[in-house]
Structures are given as C-alpha cells and as structure tokens.
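Please open the model in your viewer and keep the selection panel at hand. The stops below go from the whole chain to the sheet and then to the cores.

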Amino acid sequence: MADTTVPTAAEIVADIRSKKITAVSAVRAALERAEQAKDLNAFIVLNNDGALAAAGRVDSGETTGALAGLPIVVKDNINTADMPTSGGTPALQHARPTRNAPSLQKLLDAGAIIIGKTNMHELAFGITSTNLSSFAGPVKNPYDKTRIPGGSSGGTSAAIAARIVACGLGSDTGGSTRVPAALTGTVGLRPSVGNGGVERRYDDANLVVPISHTRDTVGPMGRTVADVALLDSVITGTPMAKAEPLRGKRFGIPASFWSGLDRDVEVVAKAAREKLANAGVVLVDADMAGLFEQNGKVSFVVALHEPIVDIPAYLQASGIEGITLADIAGKIASPDVQGAFGAITADAFGAVYQDAITVQRPALQKIYEAYFRDHDLDAILFPTTIAAAPVIDIEKGSGEMSIDGGEPVPTFGTMIRNTDPGSNAGIPGLSLFAGMTPGGLPVGLEIDGAVGSDAKLLGLGLSIEGILGSAPPPKG
C-alpha cells in the first residue's frame with residue numbers, strides 16, 4: 001500500500017525548511033500515495049494541480065509559515081473556497097463556498113497544503129463512513145478493507161492511517177474525530193466547546209456543513225499526538241503542548257464506560273490501563289451514576305432539531321444559493337441518513353428541545369463538573385469504542401453489529417456510547433492508540449478533560465503515547 005516511512009508533520013516541515021526535501025516533492029509523494037491507495041475510497045476529490053502549485057510557492061519562498069509545505073487532508077464538510085464542499089451528499093456535490101472555514105484558513109495561512117477533500121458519512125450523520133452517494137461510496141479501513149474506518153471523519157482517518165499524509169482535519173459532533181481515530185490507530189481531538197463563546201476553542205460558525213451549533217466542532221487528526229498538537233497550536237495561536245508528567249496524575253475510571261466491552265477490546269484497553277498505572281498514574285475507580293440516562297435526554301433531541309435552523313444559516317453564510325434544506329433532504333442517498341432527516345424535517349423533537357437545552361444539558365454538565373471536582377481528577381480514561389471496527393454494511397450505511405457474537409445491536413448507538421456524553425457536555429476529548437486486537441485491528445483509548453483543559457490533555461496524550469506507542473502500519 002502506502003509508503004510506511006512517512007515522517008511526522010513536524011519532521012516534514014523541518015525537512016522542507018532545511019531544504020532536505022522540496023515542498024513539491026512532499027506534495028507529489030502524498031498525491032502518489034493517495035493514488036496507490038485509491039481503493040480505500042478515502043477521498044471525494046484530489047487537489048492535484050492546486051496542491052502542486054501551492055507547493056511551488058513554498059519552494060520559491062513566496063509562501064512561508066510554521067506549516068510551510070505540509071500536505072494535509074480536509075474533511076469534505078469543512079468549507080474550502082477553491083474546491084467544492086459537498087458534505088458527502090448529492091445536493092451539495094458541486095456547492096462552492098465563498099470562503100474557507102476559519103480553522104482551515106489558519107492552517108493555510110501557516111503554509112499547509114490541501115491535497116484533497118476526504119470522504120465521510122453522508123452529512124456527517126453517522127459513524128461508519130459508509131456513504132452511499134454515487135460520487136462518494138463507502139470508505140474502507142486500511143487495516144481490513146472489509147471493515148469501516150469509523151466516522152463521520154472516516155476519509156481523514158483512513159488517509160492518515162494509510163500514511164498518505166501525517167495529519168488533517170475532521171469534525172466531531174458525537175465522536176466523529178475520535179471514533180475513526182480509534183478504529184484506524186490514529187489520533188483525534190475533539191476540542192472544548194463548552195457553552196459556546198469564549199469556551200469554544202475553535203470558532204467555525206456557519207462555515208462547516210452543520211448538524212448542531214451546540215455540539216459541532218472541527219477537530220485535528222493525525223498519526224501521532226504531536227501531529228495533532230501541532231495543528232492545534234497553529235489553529236489556536238498558542239504554544240504547542242508539551243508532555244505532561246504522568247506520575248501522580250489522577251485518571252477517573254468510570255465502570256459504566258468499561259462495561260459491556262468486546263473481549264478483544266477489553267483485553268487491550270485494560271493492558272494499556274495497567275501500563276499507565278505502572279507509570280505512576282493514579283487510577284480512581286468511581287462511576288458516573290446516571291450519566292448515560294441523562295445523556296439520552298439531550299443527544300438526539302439537539303442533533304435532530306438544530307439542523308432545521310443551522311443548515312439554512314450555513315447555506316446563507318457560505319454564499320451557497322439555490323439550495324434549500326428540503327433540497328438536501330430530498331436527495332440524500334444513504335438510508336440511515338434519510339431516516340435521520342425524516343425526523344428533522346418533521347421536527348420530531350421540537351416540543352422537547354428547549355427542555356433539553358435549558359434543563360437537561362446543564363444537568364449533564366453538572367455530572368461531569370462534580371465528577372472532576374469530587375475526585376480531584378486530571379482526566380477521565382476509557383476505551384473510545386466498545387468494539388473494534390465492524391464490517392461494512394453496504395445496504396443501510398449503518399445497520400447492526402454484534403458484541404462477541406451476541407444478539408445484533410444498532411451500530412450507531414453502540415459505537416458512540418462512550419464518546420457521545422462528553423460531546424453533549426462540551427468537554428474536550430482525545431482518542432489515541434491503545435494496541436491491536438489478535439485479529440490485527442486497532443483499539444483506541446480516550447482521555448476526557450474539563451472544559452478548557454485541551455492543552456493539558458494533549459500534554460498527557462504525548463506522555464501516554466510515549467508509553468503505549470503508535471500503531472504499526474497497515475499490512476495490506
């Protein structure tokens with residue numbers, strides 16, 4: 001498959017700066033790897049000419065910056081003014097926003113180069129990235145092409161796992177950077193959102209194809225924590241996170257997040273947990289009573305009501321004319337997403353939305369606040385997903401799966417069980433590599449922190465990765 005010797009983002013930038021390599025050669029190599037791995041279906045469109053032209057400007061000295069010459073990929077729901085932003089859905093296939101999303105613009109201003117827009121679960125409404133739009137198609141996991149890469153940022157994670165690029169951008173509403181990171185052995189950050197405003201680490205309002213202004217955020221993804229930390233530093237204009245000593249740090253271990261795990265995931269995750277304990281992490285066994293039940297009063301209510309307002313606001317802010325919410329809903333290709341938009345267009349949750357936002361979500365946030373405070377925690381530690389990557393469901397896009405051969409359960413709710421509550425609370429989360437199952441599939445381990453603790457989480461992640469290591473390259 002792809003070249004497995006691709007360096008980290010910082011190493012690529014340093015090599016270009018020192019003229020050890022040219023930006024053109026770095027970009028051309030990434031494009032060649034994308035072509036070699038095209039059966040993964042990781043891209044909706046490649047930016048061959050534009051990327052090589054941008055690389056030429058770096059080599060000539062016209063473009064400079066902290067990321068000058070770094071090839072990246074961008075999820076195709078994040079606005080790009082020089083390429084269409086489709087959201088993976090037919091109605092927006094040729095939609096061209098008038099300006100870039102702010103988080104992406106900061107990377108471009110620093111000299112990063114987009115080699116392509118990545119495939120995704122249609123309209124980001126799912127976690128498989130089995131997109132049944134004719135121009136998109138299902139994304140495949142580089143570690144087993146019969147399996148999903150996770151979603152909705154599955155194309156970004158697949159491109160990174162396949163060593164096409166070192167890093168890129170996804171987005172996260174209920175787990176969409178962290179679930180694919182877990183299933184492909186990569187790293188995904190969901191930055192703080194809080195209640196919006198100053199608590200929101202990345203501000204891309206109305207310039208990313210939306211689900212929910214309360215929950216959505218762009219998130220950096222990479223092969224290593226350092227790759228993610230570098231992008232975060234540029235986006236936020238803050239110093240890059242430094243490794244945090246692990247000895248004495250207190251990590252909460254909520255039993256409900258560690259229950260019901262697939263046996264292979266449980267073995268890997270508990271072994272990783274033990275390694276952290278041996279490194280001096282204090283594991284605090286304390287559950288979060290009633291958390292999942294409280295999350296259920298918020299999650300779908302918000303995600304299936306806010307698009308009614310947020311999608312038209314996005315179309316207007318992005319300068320996309322002649323397309324309406326009804327047009328988008330009417331042309332959806334994936335059955336699972338069609339079902340979700342049936343509830344949206346009927347406003348099935350409109351009557352309970354205000355209660356979810358003003359009463360239930362604050363109550364969910366208080367559970368987290370009390371948990372961190374009462375146990376004096378630095379982070380919460382848990383398996384990102386309760387199972388490794390399930391097989392692709394080409395008929396429904398997101399159907400059912402089985403845990404250890406048990407009765408079928410819905411794939412969507414099963415795979416976001418551990419990531420969704422933190423999303424609704426607005427806290428930051430970082431998924432990183434924990435280990436491999438006996439069958440050769442990656443397992444992810446997540447740390448969540450209090451709102452605003454993103455830099456600390458990244459610092460902890462750097463140290464955790466130093467103990468647990470990074471995922472081996474795919475064999476196929």
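This is a predicted model: local features need pLDDT of at least 70, side-chain atom pairs count only at pLDDT 80 or more; totals for chains, interfaces and linings use all residues.

Residues are numbered from 1 along each chain as its sequence is written, and side-chain values use heavy atoms, with hydrogens and water left out.

Next, colour by secondary structure: the protein chain has 17 helices and 13 strands, taken as DSSP runs numbered from the N terminus (helices H or I, at least four residues; strands E, at least two).

Now select the sheet, in which 11 strands lie in the order β1-β3-β2-β4-β6-β5-β12-β13-β9-β7-β8, open and with mixed pairing; two strands pair if DSSP finds at least two bridges between them. At its edges stand β1 (43–46) and β8 (282–285), each with a single partner strand, so one side of each has no neighbour in the sheet.

Within the sheet, pick β5 (residues 187–190) and β6 (residues 217–222), which pair in the antiparallel sense over two bridges; Val187 has Gly222 in β6 as its bridge partner. Helix α4 (residues 102–109) packs on the sheet, touching β2 (71–75), β3 (113–118), β4 (167–172) and β6.

Finally, show Ile115, Phe251 and Tyr368, the residues with the most contacts inside the largest nonpolar core, which has 116 residues. Such a core is a set of buried Ala, Val, Leu, Ile, Met, Phe, Trp, Tyr and Cys residues joined through side-chain atoms within 4.5 Å, buried meaning under 20% relative accessible area with a 1.4 Å probe, protein chains only.

Terms used: Contact means heavy atoms within 4.5 Å. Axes are lines fitted to C-alpha atoms, for helices over the stretch in contact, and angles run from 0 to 180 degrees between N-to-C directions. Buried means under 20% relative accessible area, exposed over 50%, partly exposed in between (1.4 Å probe, protein chains only).
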